[in-house]
Amino acid sequence: MPDLSHPTAPRIIAIANQKGGVGKTTTTINLGAALADLGSRVLIVDLDPQGNASTGLGIEAEARSATTYDFLLDEIALRDVVQATAHDRLTIIPATVDLSSADIELYSNEKRSFLLRDALRQADMSDLSLDYILIDCPPSLNLLTVNAMVAANSVLIPLQGEFFALEGLSQLMLTIREVRQSANSSLRIEGVLMTMVDSRNNLSAQVEADARENLGDLVFQTRIPRNVRVSEAPSYALPVLTYDTASKGAQAYRALAQEVTAKHARVAA
Ligand SMILES: Nc1ncnc2c1ncn2[C@@H]1O[C@H](COP(=O)(O)OP(=O)(O)OP(=O)(O)O)[C@@H](O)[C@H]1O
Ligand SMILES: [Mg+2]
């Protein structure tokens with residue numbers, strides 16, 4: 001039965017890749033900011049005990065008294081865990097290192113894969129009127145990442161053009177297939193995003209060519225270039241879109257947001 005209290009349910013996108021340092025958090029923050037700039041209301045769920053999305057958006061450690069852990073395991077209400085950021089229309093549920101124990105505690109919980117889905121379903125989102133929820137996953141295919149995939153409509157996969165990138169991708173696709181079979185049959189792949197692209201690097205170009213050959217339209221047209229402004233922005237607690245709005249990185253994330261919204265407009269039509 002449709003839920004009439006949410007006239008249009010937010011689109012939930014898990015940003016996942018078990019490989020570390022491929023641009024998951026950077027993509028979560030900057031796609032979130034770019035979607036917000038287009039007028040959408042966006043909530044980021046920091047699902048990584050490293051808490052990098054929280055830090056990158058300026059939520060100091062002392063200000064993280066209510067976190068994703070509380071939302072998942074202590075049934076704390078959404079309005080009590082959500083925080084504003086300096087960016088209009090962009091909010092976040094922050095994380096701390098406590099979340100690493102959640103991964104272990106979840107194993108003894110019979111609803112272990114469904115906690116995030118149920119917490120979001122039960123949450124009163126009416127004041128937030130969200131259009132998108134972006135979930136920043138940890139670099140692992142652990143229960144936290146599975147929770148994200150069970151809760152999500154789709155998975156966005158940042159891929160860095162490095163030697164083992166495609167092997168890692170097959171393992172990730174296998175997990176997505178398992179989640180579809182066991183818990184979330186409508187889970188889709190939002191797209192594979194080439195990140196930190198360096199056009200002078202032959203290996204990076206080869207990985208991208210292989211990804212496009214094997215995955216076709218699943219690979220976003222937009223590619224994110226390696227850009228020093230992107231890596232500097234988090235230390236100023238800002239998305240690159242506000243830190244240096246004209247930079248190549250900001251332009252690329254704006255193009256990605258356009259591509260994501262255009263895709264959803266097509267799906268909705
Ligand atoms: N387009 C880019 N240009 C330059 N540096 C980038 C770019 N994207 C990400 N980085 C830098 O690369 C590093 C890893 O990025 P990020 O933290 O987003 O990856 P991650 O996949 O979230 O990592 P983890 O797996 O640890 O969560 C960071 O220092 C980030 O600033
Ligand atoms: Mg990260």
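The legends below describe close-up views of a predicted model. Local features need pLDDT of at least 70, side-chain atom pairs count only at pLDDT 80 or more, and totals for chains, interfaces and linings use all residues. Residues are numbered from 1 along each chain as its sequence is written, and side-chain values use heavy atoms, with hydrogens and water left out.

**View 1. The shell of residues around ligand 1.** Around ligand 1 there are 18 residues, of which Lys-24, Thr-25, Thr-26, Pro-225 and Asn-227 come nearest; a residue counts as near if one of its heavy atoms lies within 4 Å. Helices α1 (24-37) and α10 (228-232) each supply at least two residues of this shell, and α1 gives the most, with 3 residues; helices here are DSSP runs (H or I) of at least four residues, numbered from the N terminus.

View 2. A backbone N or O atom of Gly-21 lies 2.9 Å from an oxygen atom of ligand 1, while for Val-22 the corresponding backbone distance is 3.0 Å (a polar contact is a pair of N or O atoms within 3.5 Å). Asp-48 places a polar side-chain atom 3.5 Å from a ligand 1 oxygen atom.

**View 3. Helix α6 against helix α7.** Helix α6 (residues 115-122) and helix α7 (residues 143-151) pack at an angle of about 45°, with their axes 7 Å apart, the axes being lines fitted to C-alpha atoms over the stretch in contact, with angles from 0 to 180 degrees between N-to-C directions. The contact (heavy atoms within 4.5 Å) is made by Leu-115, Leu-116, Arg-117 and Leu-120 of α6 and by Asn-147, Ala-148, Val-150 and Ala-151 of α7.

Technical notes: Chains lettered and ligands numbered in written order. Polar contact = N/O pair within 3.5 Å; in protein donor to acceptor, adjacent residues only side chain to side chain.
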